[in-house]
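Subject: Structure handover

Hello,

Here is the structure for you to go through. Please open it next to this message and follow along; the notes come after it.

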2 protein chains.
Amino acid sequence: MATVGILGGTGPAGRGVALRWASAGHDVVLGSRDAERASEVAASLRARGSGVISGATNEEAASCDVVVVATPWESAVATVSALRAQLADKTVISMVNALVREGRELVALYPPRGSMAAQIAFALPQSTVVGAFHHLPAALMQDLDSDLDADVVVFSDDAVARDAVAAMINEMPGLNAVVAGSMSLASAIEAFTSVCISINIRHKAHSYVKLAGMGH
Amino acid sequence: MATVGILGGTGPAGRGVALRWASAGHDVVLGSRDAERASEVAASLRARGSGVISGATNEEAASCDVVVVATPWESAVATVSALRAQLADKTVISMVNALVREGRELVALYPPRGSMAAQIAFALPQSTVVGAFHHLPAALMQDLDSDLDADVVVFSDDAVARDAVAAMINEMPGLNAVVAGSMSLASAIEAFTSVCISINIRHKAHSYVKLAGMGH
């Protein structure tokens, strides 16, 4: 089994991914600027499920086989840039969305390269960037009893890495990977998170995307 | 019941909306640059369902109570601009997506004002623009026996018009309206259509969005 490191893994987005990949049998390292805090969060996640989850620095998390970027969007590029050497020749999964609050809504920002995945790919020229996990409600992701049954839209310019990540996602309870295609779709996939969250605010929901009509 | 006019109603997008609103009891006028062609398509749609669907010019369709813009995105602004007077003081529903083919994918373009709905709103300063029907597979929309059960994401800066359109959508068989919020979400909602269609091309599917986790 691959080891999975999660940069910014103590935040709500990273915690759910950690919990569900650990449940599937992968060793997960939660990375944080504050390793002590990461150890505390790892302990609380271990109590919610099964599997191996430990806390560490982001640098230690970056030494895992597969690395997920789950930091706030404002710090994602700085975080990965500082770890460029450790992340070289690896698959780096971006679940980052650039969003800002505007009244009762969360709205999407469009980074200069169109998406956060493209910003991260530019910062990591020796890594292979895959996008995934954008539309998932953190509260349901962190609760293995939540009956979550979500489709995870996956994209990358690297077809091999994309399929490998999709296969790993299909091991996670409650998640089904759907490969959408290339990085050309990144901005549309990331931005749609703003719609899910705005719907959640308006309707007091934990909405997520199911793709019906897939014919199987 | 409101009369519904559909600009560019002979295309695949408009036909499904026509069929399903006619089934719900609204009189529908399919508009086209070619009124004769519109009459032929209207006749073929009447044979697929029930209700009143007639073919006419876009100008005649624009005289209905509620008007849907279902033209190709390239001609949407020119079409509505020519009908500005007829569309004044009305709710105009944009289902337009700016998409271009790129290899095996359809990718989203971002119009200067961020979305086609915003472009149409700028062209129609005296109308109220609502966005809806972006993520629906045309083939399933045009087949009342297709078991379609889709969520329709609705947005507008006008809360009254938005809720009125949502109520009308909920009358349509197989569709459930979910109000997302304001025009700030338009680009994200429109662009996500590129993801649905790219998934359809890749997976030979007719995918559409269901929002799970809505709590009801």
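A:Ile6 stands opposite A:Leu30, a residue of β2(A). This is a predicted model. The strands β1 (residues 4-7) and β2 (residues 28-32) of chain A run parallel and are joined by three bridges.

Both strands belong to an open sheet of eight strands in chain A, with mixed pairing. The order across the sheet is β3-β2-β1-β4-β5-β8-β9-β10. At its edges are β3 (53-57) and β10 (175-181) of chain A, each of which pairs on one side only. From one strand to the next, the twist averages 25 degrees.

Two helices to look at pack on this sheet. Helix α2 (residues 35-48) of chain A touches β2 and β3 of chain A, and its direction makes about 170 degrees with that of β3(A).

Next, the cysteines. A disulfide is a covalent bond between the sulfur atoms of two cysteines. How many disulfides does a search of the whole structure find? Over all chains, the search finds zero. Take A:Cys196: the closest cysteine sulfur is in B:Cys196, 11 Å away, which is too far for a bond, because a disulfide needs the two sulfur atoms within 2.5 Å.

Is A:Cys196 buried or exposed? A:Cys196 counts as buried, because its relative accessibility is 3% and the cut-off for buried is under 20%. B:Cys64, at 5% relative accessibility, also counts as buried.

Regards

Notes:
Residues numbered from 1 in each chain as written. Chains lettered and ligands numbered in written order. Predicted model: local features only at pLDDT ≥ 70, side-chain atom pairs only at ≥ 80, totals over all residues. Heavy atoms only, no water. Pairing = 2+ DSSP bridges. Helix = DSSP H or I, 4+ residues; strand = E, 2+ residues; numbered from the N terminus. Axes fitted to C-alpha atoms, helices over the stretch in contact; angles between N-to-C directions. Contact = heavy atoms within 4.5 Å. Buried < 20%, exposed > 50% of the residue type's maximum accessible area, 1.4 Å probe, protein only.
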